[in-house]
Amino acid sequence: VILVMFGWMVIILGMSAAVARNDPNVEIPVEVALGVVVTPADGWYSASDRWDLGEGALALQSSGVFVGFWAEQFQGTNDEYLATWLADFESKLDQFRPLPAVAVTVAGDLPGLMVHFSAVSTDLGREEDELVIVTHGGLGVAMWARAEPGRLAWVQGDLDSMLYHVFIPR
């Protein structure tokens, strides 16, 4: 009986070690651009094969939610950067309906702005979205989360954690 118990443990440990090497979770810090680094939460995978964001961006997915992070040169305020993003969304998305912006903290202590909105897109159809932006030291950093209605709440804790722990050079 003891031999069977220890034999079973060895098999389970061997299987878990084999699977761990093939785990597609990102879970390691990834540079977005310009020194901005995001550490994806557990369970988040690269979405670059489904959502091409181009240079200076990082695309992730989990539980049917897609999130993109961007870092770019930007000289201006949070309000100006947010206005730029919202104008772009308004021109590209149907039935774009943003809620008023609210203040948030990004990267531990930087003041940012967050907007929730709903829209209709060609790839997701009806969707709910969250946009968080922050400007600091000549950089503009944005996070855009997209999901079918009802799914964004499933990963809100992950989004908040990634935003709080994002590294922005100072």
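**Close-up views of a predicted model**

**View 1. Leucine 159 and its neighbours.** Leucine 159 touches Trp44, Val67, Glu130, Met143, Ala145 and Leu152, leaving aside residues up to four places away in sequence. Here, contact means heavy atoms within 4.5 Å. The model is predicted, so local features need pLDDT of at least 70 and side-chain atom pairs count only at pLDDT 80 or more, while totals for chains, interfaces and linings use all residues. Residues are numbered from 1 along each chain as its sequence is written, and side-chain values use heavy atoms, with hydrogens and water left out.

**View 2. The nonpolar cores.** Which residues have the most contacts inside the largest nonpolar core? They are Trp44, Phe69, Leu159 and Ile168, in a core of 31 residues. Strand β10 (residues 139-147) gives the most to this core: five residues. A second, separate core has 23 residues, including Trp51, Trp70, Ala142 and Trp144. A nonpolar core is a set of buried Ala, Val, Leu, Ile, Met, Phe, Trp, Tyr and Cys residues joined through side-chain atoms within 4.5 Å. Buried means under 20% relative accessible area, exposed over 50%, and partly exposed in between (1.4 Å probe, protein chains only). Strands (E, at least two residues) and helices (H or I, at least four) are DSSP runs, numbered from the N terminus.

**View 3. The largest cavity.** Rolling a probe the size of a water molecule over the atoms shows where empty space is left. A search of the whole structure finds one cavity of 30 Å³ or more. The largest cavity holds about 50 Å³ of space. Its lining is formed by Phe69, Val106, Val132, Ile133, Val134, Val141, Ala142, Met143, Leu163 and Val166. Strands β9 (125-136) and β10 are the elements that give two or more residues to this lining. The lining residues divide into 10 nonpolar, no polar and no charged. Nonpolar covers Ala, Val, Leu, Ile, Met, Phe, Trp, Tyr, Cys and Pro; charged covers Asp, Glu, Lys and Arg; the others, Gly among them, count as polar. A cavity is a set of points on a 1 Å grid over the protein atoms alone where a 1.4 Å probe fits but cannot get out, and lining residues have an atom within 4 Å of a point. Grid points are joined across faces, edges and corners, and a volume is the space filled by probe spheres set on the points.

View 4. The structure holds three salt bridges. In each, a side-chain nitrogen of Lys or Arg is within 4 Å of a carboxyl oxygen of Asp or Glu. Lysine 92 and aspartate 88 form one of them (3.1 Å, N to O). Both lie in helix α2 (residues 78-92), four residues apart, about one turn of the helix. Lysine 92 is exposed, at 61% relative accessibility. Aspartate 88 is partly exposed, at 30%.

**View 5. An exposed salt bridge.** Aspartate 109 pairs with arginine 170, with the closest N and O atoms 2.4 Å apart. Aspartate 109 sits in the loop between β7 (102-106) and β8 (110-121) and arginine 170 in the segment after α3 (156-165), so the pair ties together parts 61 residues apart in sequence. Both residues are exposed.

**View 6. A buried salt bridge.** Glutamate 127 and arginine 146 form a salt bridge, their closest N and O atoms being 2.8 Å apart. Glutamate 127 is in strand β9 and arginine 146 in strand β10, 19 residues apart. Glutamate 127 is buried, at 1% relative accessibility. Arginine 146 is buried too, at 5%.

Conventions. On a 1 Å grid over the protein atoms alone, a cavity is a set of points where a 1.4 Å probe fits but cannot get out, and a pocket is an open set with protein on both sides within 12 Å along at least five of seven lines; lining residues have an atom within 4 Å of a point.
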